[in-house]
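Morning, everyone. Please have the sequence and the model in view, and follow along as I talk.

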Amino acid sequence: MNQTHTPGPWSHRKIERDGQHGFTVDTQDASVEICEIYPKANPVAVNLANARLITAAPSMLDLLSAMVDRFGGLEEYGADELGDLAEFIREASELRRSVSP
């Protein structure tokens, strides 16, 4: 898969700027900053949850890609034979295409 995003793994850490506490998401070696999350109207717990979710994005994409690669051929059987798995695989394939070139 060709990546157009900064490869993971990513990590997050607490930061303070202008008296406000927030979080930054960086590459694990902190050589590239992915984003900063600051309070605005969110409590710190919500910002921390957002930072954790963003941090997990590369790993989730890798797992999704592995699942589509492994089970993608099953979608030809249709939802009747595999329950919701075939539909899930179709949706996962579309999601993977939307974030990959």
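First, a definition: helices (H or I, at least four residues) and strands (E, at least two) are DSSP runs, numbered from the N terminus. This is a predicted model, where local features need pLDDT of at least 70, side-chain atom pairs count only at pLDDT 80 or more, and totals for chains, interfaces and linings use all residues. Residues are numbered from 1 along each chain as its sequence is written, and side-chain values use heavy atoms, with hydrogens and water left out.

Now the overview. The chain has 3 helices and 3 strands. Read from the N terminus, the order is β-β-β-α-α-α. There are 101 residues, and 27% of them count as buried. Buried means under 20% relative accessible area, exposed means over 50%, and partly exposed is in between (1.4 Å probe, protein chains only). The chain exposes about 6,800 Å². Carbon and sulfur atoms supply 53% of that area. Accessible areas come from the Shrake-Rupley method with a 1.4 Å probe; for residues, only the protein chains shown count as cover.

Next, the strands. Strand 1 covers residues 10-17, and strand 2 covers residues 20-27. They run antiparallel, joined by 8 bridges. Two strands pair if DSSP finds at least two bridges between them.

Look at threonine 27, in strand 2. Is threonine 27 buried or exposed? It is buried, because its relative accessible area is 8%. Leaving aside neighbours within four places in sequence, threonine 27 is in contact with several residues, including Pro7, Val32 and Ile34. Contact means heavy atoms within 4.5 Å. The side chain of threonine 27 also makes a polar contact of 2.8 Å with the side chain of aspartate 29. A polar contact is a pair of N or O atoms within 3.5 Å; within protein, one must be able to donate a hydrogen and the other to accept it, and residues adjacent in sequence count only if both atoms are side-chain atoms.

Now isoleucine 34, in strand 3, residues 33-37. Isoleucine 34 is partly exposed, because its relative accessible area is 27%. Not counting residues up to four places away in sequence, it touches Thr6, Trp10, Val25, Asp26 and Thr27.

On to helix 1. Helix 1 bends by about 45° at alanine 57, and proline 58 follows within four residues. The bend is the angle between axes fitted to the seven residues ending there and the seven starting there.

Threonine 55 sits in helix 1, residues 44-71. Threonine 55 is buried, because its relative accessible area is 13%. Its side chain reaches the backbone oxygen of alanine 51 at 2.7 Å. Not counting residues up to four places away in sequence, threonine 55 touches Trp10, Ser11, His12 and Val25.

Last stop: serine 93, in helix 3, residues 85-99. Serine 93 counts as buried, because its relative accessibility is 9%. Serine 65 is 28 residues away in sequence, yet 8.0 Å away in space, C-alpha to C-alpha.
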